[in-house]
Amino acid sequence: MTTPETDPLDAPTAALAAAVLEISRHVDGQPLPAPRLYALARSAELMSASPSLAALLGVEGEGAEALDELHLTPIDLDDGSSAAGASDDAVDPLAALQVVQWPDLAAGGAIACEIAPSAWSLRAEDTEADLSTGRALRVVVAALADGTTWSAVHRGDENGYVLGAALLPDISAALLQTLQPEA
């Protein structure tokens with residue numbers, strides 16, 4: 001459902017899109033009572049910084065040289081406590097992003113959450129048949145510090161996800177803001 005004019009899939013964006021889909025598959029079918037945050041680390045840098053992880057995954061030595069420098073590894077930052085004490089503020093993805101602190105290895109970040117039906121509306125050109133109204137939308141939004149963004153919105157039916165760079169501009173902008181160095 002994306003168009004090449006608005007959502008180019010150059011190599012860095014394709015790597016981000018792959019990470020978004022990996023996170024989407026990870027949270028698919030699981031309850032998501034509160035937003036879950038993921039640091040996005042460059043896989044090659046992660047393997048270089050952690051030889052024991054590289055050995056565990058079998059990419060040590062010459063295998064590490066073959067790693068794609070753009071590939072991103074999502075790292076779940078949720079320790080399980082956010083779902084247990086989820087308040088109304090914790091369910092709001094923008095509130096969750098106000099308090100996030102990304103680890104030093106993060107080249108970007110992602111948030112997976114559900115957006116209540118009262119918090120979203122259809123565009124004028126869309127019809128109720130385009131999205132299942134009345135149910136929460138499951139979304140994954142990711143960004144890199146350089147400003148690249150990608151999102152996946154689950155339509156709530158068998159059609160799967162709508163994908164694109166500018167699907168959730170408010171969440172994307174808030175996520176990008178968290179990735180900028182503090183002045």
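Two strands pair if DSSP finds at least two bridges between them. In this predicted model, strand E5 (residues 149-154) meets that condition with E6, the two running antiparallel over four bridges. Strand E1 pairs with E3 and also with E2. The structure holds two salt bridges.

- Seven of the seven residues of E1 are buried, so the strand counts as mostly covered, buried meaning under 20% relative accessible area.
- Side chains in a regular strand alternate between the two faces of the sheet.
- In E1, Arg36, Tyr38, Leu40 and Arg42 point one way, while Leu37, Ala39 and Ala41 point the other way, and all are buried.
- E1 and E3 pair in the antiparallel sense, with six bridges between them; Tyr38 has Ala110 of E3 as its bridge partner.
- E1 and E2 are likewise antiparallel, over five bridges; here Arg42 has Leu72 of E2 as its bridge partner.

**Salt bridge Arg36-Asp76**

- Side chains of opposite charge can pair when their charged atoms come close.
- Arg36 forms a salt bridge with Asp76, and the closest N and O atoms are 2.1 Å apart.
- Because Arg36 lies in strand E1 (residues 36-42) and Asp76 in strand E2 (residues 72-76), this pair ties together parts that are 40 residues apart in sequence.
- Arg36 is buried, at a relative accessible area of 15%, whereas Asp76 is partly exposed, at 27%.

**Salt bridge Arg138-Glu114**

- Arg138 forms a salt bridge with Glu114, with 2.6 Å between the closest N and O atoms.
- Arg138 belongs to strand E4 (residues 137-144) and Glu114 to strand E3 (residues 106-115), so the contact ties together parts that are 24 residues apart in sequence.
- Arg138 counts as buried because its relative accessibility is 12%, and the cut-off is under 20%.
- Glu114, with a relative accessible area of 29%, is partly exposed.

- Strand E6 covers residues 161-164.
- Val162 and Gly164 form the covered face of E6, and Tyr161 and Leu163 the uncovered one.
- Gly164, on the covered face, is the bridge partner in E6 of Ser151.

Note on methods:
Residues are numbered from 1 along each chain as its sequence is written. This is a predicted model: local features need pLDDT of at least 70, side-chain atom pairs count only at pLDDT 80 or more; totals for chains, interfaces and linings use all residues. Side-chain values use heavy atoms; hydrogens and water are left out. Buried means under 20% relative accessible area, exposed over 50%, partly exposed in between (1.4 Å probe, protein chains only). A salt bridge is a side-chain nitrogen of Lys or Arg within 4 Å of a carboxyl oxygen of Asp or Glu.
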